[in-house]
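Subject: Structure handover

Hi,

Here is the structure I promised to pass on. Please open it before you read my notes below.

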Amino acid sequence: MYTVVLLNDDYTPMEFVVLVLEKFFSKGREQATQIMLKVHHEGRGVCGVYPRDIARTKIDQVSRFARQNQHPLQCIMEEA
């Protein structure tokens, strides 16, 4: 299993991070906001734990969506 993590940057708007968490990780508004604040204050926030293929797909989706919207948001996976 792999943990998918969002990394903080100084450019991606907080609202966009919340949108990503809702859209790709099926988080409710409140939980997405909590994770976004963790990313903002601690530099990283856990989106979820998934099998390797699903984690990779989610990272690819988030990266593509961020680039399409001209944001440098980074998403990584770490072995759980």
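Which elements do the buried residues of helix 1 pack against? They pack against strand 1, helix 2, strand 2, helix 3 and strand 3. Keep in mind that this is a predicted model.

Start with helix 1 itself. It has 12 residues. From first C-alpha to last it reaches 16 Å, close to the 16 Å expected at 1.5 Å a residue. Its buried residues are F16, V17, V18, V20, L21, F24 and F25. An α-helix has 3.6 residues a turn, so residues three or four places apart point the same way. Just after helix 1 comes S26, with a positive phi of about 55°.

Next, the core. The largest nonpolar core holds 24 residues. Those that touch the most other members are V4, L6, V20, L21, F25, V62 and L73. Two or more residues each come from strand 1 (2–7), helix 1 (14–25), helix 2 (29–42), strand 2 (44–50), helix 3 (52–68) and strand 3 (74–79). Helix 1 gives the most, with seven residues.

Leaving out residues up to four places away in sequence, its contacts include V17, L21, V39, C47, V62 and L73.

K58 is buried, yet it has no salt bridge. The nearest side chain of opposite charge is D60, 12 Å away.

Best wishes

Methods
Residues are numbered from 1 along each chain as its sequence is written. This is a predicted model: local features need pLDDT of at least 70, side-chain atom pairs count only at pLDDT 80 or more; totals for chains, interfaces and linings use all residues. Side-chain values use heavy atoms; hydrogens and water are left out. A nonpolar core is a set of buried Ala, Val, Leu, Ile, Met, Phe, Trp, Tyr and Cys residues joined through side-chain atoms within 4.5 Å. Buried means under 20% relative accessible area, exposed over 50%, partly exposed in between (1.4 Å probe, protein chains only). Helices (H or I, at least four residues) and strands (E, at least two) are DSSP runs, numbered from the N terminus. Contact means heavy atoms within 4.5 Å. The expected span of a helix is 1.5 Å times one less than its number of residues. Lys and Arg count as positive and Asp and Glu as negative; His and the chain ends are not counted. A salt bridge is a side-chain nitrogen of Lys or Arg within 4 Å of a carboxyl oxygen of Asp or Glu.
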